[in-house]
Amino acid sequence: MGSILSLHQLTEDQKIQVHAAAPGYELIIGKAQELKSEQIREAEIILGWSKHIAEEALHPDSKLKWIQTWSAGIDKLPLTELEKRGIALTNTSGVHAIPITEQIFGMLLSHTRYLQQAALLQRQKTWQPPAGQLTELRGKTLLITGVGEIGRETARIAEAFGMRVIGVRRSGKEAPHVEHMYTNEQLHEALGVADIVVNILPFTEETHHFFDEKAFAAMRKGAFFINVGRGKTVHTDALVRSLEQKHIAFAGLDVFEEEPLPASHPLWSLEHVLITPHIAGDTDRYAERAVDIFLTNLKAYATGQKLPLNLVNYKTQY
């Protein structure tokens, strides 16, 4: 049997479950920069990924057959080389569904219920009601671009708020709690009927600058924009212009083309923007859920079956 290399710490119970799922496999746990070359080259399965192990993992003598990433995003992996070598790749899609959905609604409520502004005024000990009328989420049309695991959970919660939910999906395939699904080619049509746009797209060649000048122009004046997908799916300068012109009334942004966002960037000074430092997916349940995905796949792998969860299609890059 081969070896399993984990770049992430596992609990004693998780170690037992790994051995039970793949009897006979050696389990090695270590930090990427501290591993020996032979440990990396001998690994048949790698849990996690790091640029520090790339050279050895992709060495001609490497025994690598499968990588289970610790993240949902795979755009930082050497996808071309992995596909060329026939290495199976699975991600942790689905791990983020609950925390990112909660982040989305936290951002929306911070604006619609005056919470962001009130928190700032509280530090100044200032009692200042909002200048304009507050609003509600109920009855508004929410557009989700990228209706995967996170999008489906977001749609479910939005429906509970009494919102109408529409979606944009590459395949156009229907999804629960989504009233109508558009294809990527119908993006501008969908943007024109949405009060709130939530971007949960992964970054691929196809989605690079998916939200560009024309996309923001297609949005309703006064619409809200939330980005918890990938920074490079949004043309930042186009977004800034739309915000400065008050075409977009509010933006909640967790991801950016350049991270950390430079202190000199104009987004910092816009009052109708809420910025969080790429934390939407963070949760104390992350490791537990990531390992659960790995264990399900490992049981199948060890018995010669197809990996059942989150097998990446190299052509679509997700």
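Guide: Contact here means heavy atoms within 4.5 Å. By that criterion, Ala97, Ile100, Thr101, Ile104 and Phe105 of helix 5 meet Glu149, Ile150, Glu153, Thr154, Ile157 and Ala158 of helix 7. Please bear in mind that the model is a predicted one.

Visitor: How are helix 1 and helix 11 oriented to each other, and why?

Guide: Helix 1, residues 12-21, packs with helix 11, residues 286-302, at an angle of about 15°, and their axes are 9 Å apart. Angles under 35 degrees count as roughly parallel, so helix 1 and helix 11 are described as roughly parallel to each other. Their crossing is right-handed. Helix 1 contributes Gln14, Gln17, Val18 and Ala21 to the contact, while the residues from helix 11 include Val291, Phe294, Leu295 and Leu298. This contact has 8 nonpolar, 2 polar and 2 charged residues.

Visitor: How do you know whether valine 178 is buried or exposed?

Guide: The relative accessible area of valine 178 is 13%, so this residue is buried by the cut-off of under 20%. Valine 178 is found in the loop between strand 7 and strand 8. Not counting residues up to four places away in sequence, valine 178 touches Val147, Ala155, Val165, Ile166 and Gly167. The C-alpha atoms of valine 178 and serine 62 are separated by 45 Å, and these residues lie 116 apart along the chain.

Visitor: Which residues have the most contacts inside the largest nonpolar core?

Guide: They are Phe211, Phe216, Phe225 and Leu267, in a core of 30 residues. Among the elements giving two or more residues to this core are strand 7, helix 9 and strand 10. Helix 10 gives the most, with 4 residues. Phenylalanine 225 touches, among others, Val197, Phe211, Phe216, Leu239 and Phe250, not counting residues up to four places away in sequence. A second, separate core of 27 residues includes Ala97, Met107, Leu108 and Val147. In soluble globular proteins, nonpolar side chains tend to be buried together.

Visitor: What is the peptide bond from glutamate 259 to proline 260?

Guide: That bond is cis, with omega near -5°. Proline 260 is placed in the loop between strand 11 and strand 12.

Visitor: What is phi of lysine 246, and what is that of asparagine 310?

Guide: Phi of lysine 246 is near 60°, a positive value in a residue other than glycine. Lysine 246 belongs to the loop between helix 10 and strand 11. Asparagine 310, not a glycine either, has a positive phi of about 60° and lies in the segment after helix 11.

How values were computed:
Residues numbered from 1 in each chain as written. Predicted model: local features only at pLDDT ≥ 70, side-chain atom pairs only at ≥ 80, totals over all residues. Heavy atoms only, no water. Core = buried A, V, L, I, M, F, W, Y, C linked by side-chain atoms within 4.5 Å. Buried < 20%, exposed > 50% of the residue type's maximum accessible area, 1.4 Å probe, protein only. Axes fitted to C-alpha atoms, helices over the stretch in contact; angles between N-to-C directions. Parallel < 35°, antiparallel > 145°, perpendicular 65-115°, else oblique. Left-handed = near helix turned anticlockwise from the far one by under 90°. Nonpolar A, V, L, I, M, F, W, Y, C, P; charged D, E, K, R; others polar.
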